[in-house]
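Subject: Handover of a structure

Dear colleague,

Please find below the structure that I am passing on to you. A summary of the findings follows it.

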Amino acid sequence: MITIQMTGMCDGCEYADLELDHVEDMMGHKAWTATCIHRAACDWMETRTINRMEGGNEDA
């Protein structure tokens with residue numbers, strides 16, 4: 001059984017859409033990552049919100 005604990009910006013998100021990826025070394029060992037495909041949009045909205053709260057340009 002695998003449990004995925006979402007933290008950071010994804011903590012409590014009802015719209016997370018996870019993508020599983022891996023890299024494999026020459027010995028056949030795999031390192032797995034799970035990321036939300038919405039991350040770029042969430043980062044952009046966070047930046048807009050911070051700028052708006054600081055009284056700056058919303059479109060930056």
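How many residues apart in helix α1 do R39 and D43 lie? They are four residues apart, about one turn of the helix. The numbering of residues starts from 1 along each chain as its sequence is written. This is a predicted model, in which local features need pLDDT of at least 70, side-chain atom pairs count only at pLDDT 80 or more, and totals for chains, interfaces and linings use all residues, while side-chain values use heavy atoms, with hydrogens and water left out.

Confidence

The predictor's confidence in each residue is given as pLDDT, from 0 to 100. The average pLDDT of the chain is 86, and 92% of the residues score at least 70. Confidence is highest in strand β1 (residues 18-24), with a mean of 93, and lowest in helix α1 (residues 39-53), with a mean of 89.

Overall form

Helices (H or I, at least four residues) and strands (E, at least two) are DSSP runs, numbered from the N terminus. The radius of gyration of the chain is 16 Å, whereas a compact globule of 60 residues would have one near 10 Å. That radius is taken over C-alpha atoms, and the globule rule is 2.2 Å times the number of residues to the power 0.38. Along its principal axes, the C-alpha trace spans about 50 × 25 × 15 Å. Of the 60 residues, 5% count as buried; buried means under 20% relative accessible area, exposed means over 50%, and partly exposed lies in between (1.4 Å probe, protein chains only).

Helix α1 has 15 residues and reaches 21 Å from its first C-alpha to its last, close to the 21 Å expected at 1.5 Å a residue. The expected span is 1.5 Å times one less than the number of residues in the helix. Just after α1, G55 takes a positive phi of about 80°.

The structure holds one salt bridge, that is, a side-chain nitrogen of Lys or Arg within 4 Å of a carboxyl oxygen of Asp or Glu. It joins the side chains of R39 and D43, at 3.5 Å from N to O. Side chains of opposite charge can pair when their charged atoms come close. R39 counts as exposed because its relative accessibility is 57%, whereas D43 is partly exposed because its relative accessible area is 28%.

N51 also has its place in helix α1. Because its relative accessible area is 17%, N51 is buried. The C-alpha atoms of N51 and A16 are separated by 24 Å, and the two residues are 35 residues apart along the chain.

The segment before β1

T3, I4, G12 and C13 are found in the segment before β1. T3 counts as exposed because its relative accessibility is 72%. Between the C-alpha atoms of T3 and W44, 41 residues apart along the chain, there are 28 Å.

I4 also counts as exposed, because its relative accessibility is 53%. Together with I2 and L18, I4 makes a nonpolar surface patch of about 330 Å². Patches are made of residues with over 30% relative accessible area and no salt bridge, with like charges joined within 9 Å and nonpolar side chains (Val, Leu, Ile, Met, Phe, Trp, Tyr) within 5 Å. Accessible areas come from the Shrake-Rupley method with a 1.4 Å probe, and for residues only the protein chains shown count as cover.

Is G12 buried or exposed? G12 counts as exposed because its relative accessibility is 66%. A distance of 13 Å separates the C-alpha atoms of G12 and C36, which are 24 residues apart along the chain. C13 is partly exposed because its relative accessible area is 34%. C13 and E46 are 14 Å apart in space, C-alpha to C-alpha, and 33 residues apart in sequence.

Yours sincerely
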